Amino acid sequence: MLNIKELANYINVTNIPNDWTIYYEEAMESFDEAWYNGDDLENFISFYEFDNDFANFIRDLWFQINCDINLIFLIYLWYYILYKVEIDKRNKWDFKLSYFKNNGFLYMPMISVLMGYRIHELNMKSYDLEQVNIQKKIIRDACISDYKIYGIPGMRFSNMEWVSRFIRGEIVQIGIFQYEFKKNYLDQEDVIFIHIPRSNEFTKDNINSSLNRKDEVFKYFNAPKDIKFVTFSWLLSPDLKNILKDDSDILYFQNKFDLIFTKENKKDFLKFVFNEPFEINDYNILKEETSLQKNIKNKLINKEKLCIGLGILK
């Protein structure tokens with residue numbers, strides 16, 4: 001077996017994530033080649049109800065990986081970090097399209113996260129059927145979202161980590177919003193964090209429909225009813241007030257929160273407004289298909305500050 005530096009080099013990763021180095025030895029001690037087996041492959045294909053075409057794609061990928069012990073161990077290492085290591089003890093991992101150039105596949109992170117299906121199955125025993133079906137669809141959609149949204153033929157490490165949080169039972173979706181219980185988040189206080197996934201259904205009615213189902217959130221997390229609901233998003237940016245119409249759905253959402261903090265963050269605007277997952281140097285190439293894109297693009301070109309906002313639900 002290659003050491004961690006050799007493994008990273010094997011798949012063209014030049015900036016080795018600290019987590020890989022820290023947990024390499026632990027993962028190596030528990031690694032067994034039999035962990036990567038065809039039974040689990042068929043089990044998670046069935047569990048997440050993938051269609052036949054994508055199921056066959058996964059099978060082909062699986063068997064190409066199966067002949068390379070170094071790739072199998074990398075998948076296990078990522079699985080180990082995702083499901084054995086607490087999230088607050090992990091670091092972010094860079095992702096570049098140049099990874100896996102000589103060996104491996106951009107979809108390897110997908111295999112790693114799907115191998116946690118037994119954990120997901122156990123956690124969902126307490127979920128109602130609606131939530132079970134929602135969660136399975138989230139996983140299926142996540143497997144193709146990087147290609148569908150960004151044109152990346154694989155799964156980014158950040159997307160892999162995000163998906164694992166559903167599998168670990170840390171996030172539920174109710175209506176258009178996703179809710180996560182976070183410990184010691186706001187002045188060492190526990191909160192419910194609201195995630196806002198991309199959606200064509202971001203309307204005033206759907207905003208209210210989700211936020212009005214707080215009792216379901218309390219039930220899933222066994223949380224006290226006086227717990228604060230917060231979000232930290234580009235949607236709470238004060239910079240949007242001079243761009244959007246007063247009756248916009250985004251400003252309607254903003255007005256439901258007391259803004260307590262802002263932070264400059266162009267990356268989130270690039271990601272969510274323009275579907276650009278990586279930093280870019282030339283903002284002139286950004287598309288202008290909506291008035292929001294046009295206005296944000298002008299701000300970026302003119303080097304104006306763009307902030308995301310942290311707010312508490314009123």
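**Figure 1. Helices α13 and α14 are packed together in a roughly antiparallel pair.** In this predicted model, local features need pLDDT of at least 70 and side-chain atom pairs count only at pLDDT 80 or more, while totals for chains, interfaces and linings use all residues. Residues are numbered from 1 along each chain as its sequence is written, and side-chain values use heavy atoms, with hydrogens and water left out. Helix α13 covers residues 266–274 and helix α14 covers residues 291–301; helices (H or I, at least four residues) and strands (E, at least two) are DSSP runs, numbered from the N terminus. The two pack at an angle of about 155 degrees, with their axes 11 Å apart. Here, axes are lines fitted to C-alpha atoms, for helices over the stretch in contact, and angles run from 0 to 180 degrees between N-to-C directions. Angles under 35 degrees count as roughly parallel, over 145 as roughly antiparallel, 65 to 115 as roughly perpendicular and the rest as oblique, so α13 and α14 are roughly antiparallel to each other. Their crossing is left-handed, a term used if the near helix is turned anticlockwise from the far one by less than a right angle (right-handed if clockwise). Lys266, Phe269, Leu270, Val273 and Phe274 of α13 make the contact with Leu292, Gln293, Ile296, Lys297 and Leu300 of α14; contact means heavy atoms within 4.5 Å.

**Figure 2. Valine 273 is a buried residue in helix α13.** Its relative accessibility is 8%, so it counts as buried (buried is under 20% relative accessible area, exposed over 50%, partly exposed in between, with a 1.4 Å probe and protein chains only). Not counting residues up to four places away in sequence, valine 273 touches Trp234, Asp268, Leu292 and Gln293.

**Figure 3. Helix α5 is largely enclosed by the rest of the structure.** This helix runs through residues 69–84, 16 residues in total, and reaches 21 Å from its first C-alpha to its last. That is close to the expected 22 Å, a span found as 1.5 Å times one less than the number of residues. Of its 16 residues, 14 are buried, which is why α5 is described as largely enclosed. At the N-terminal end, aspartate 68 caps α5, with a side-chain oxygen 3.0 Å from the backbone nitrogen of asparagine 70.

**Figure 4. Helices α5 and α9 lie oblique to each other.** Helix α9 spans residues 157–167, and α5 packs with it at an angle of about 45 degrees, with the axes 10 Å apart. This time the crossing is right-handed. From α5 come Trp78, Leu82 and Tyr83, which meet Phe157, Met160, Glu161, Ser164 and Ile167 in α9.

**Figure 5. Aspartate 187 and lysine 303 both have a positive phi.** For aspartate 187, phi is near 50 degrees, a positive value in a residue other than glycine. You can find aspartate 187 in the loop between β2 (177–186) and β3 (189–195), and its 75% relative accessibility makes it exposed. Lysine 303 has a phi of about 60 degrees, although it is not a glycine. This lysine belongs to the loop between α14 and β6 (307–313), where it is exposed, with a relative accessible area of 72%.

Methods
A polar contact is a pair of N or O atoms within 3.5 Å; within protein, one must be able to donate a hydrogen and the other to accept it, and residues adjacent in sequence count only if both atoms are side-chain atoms.
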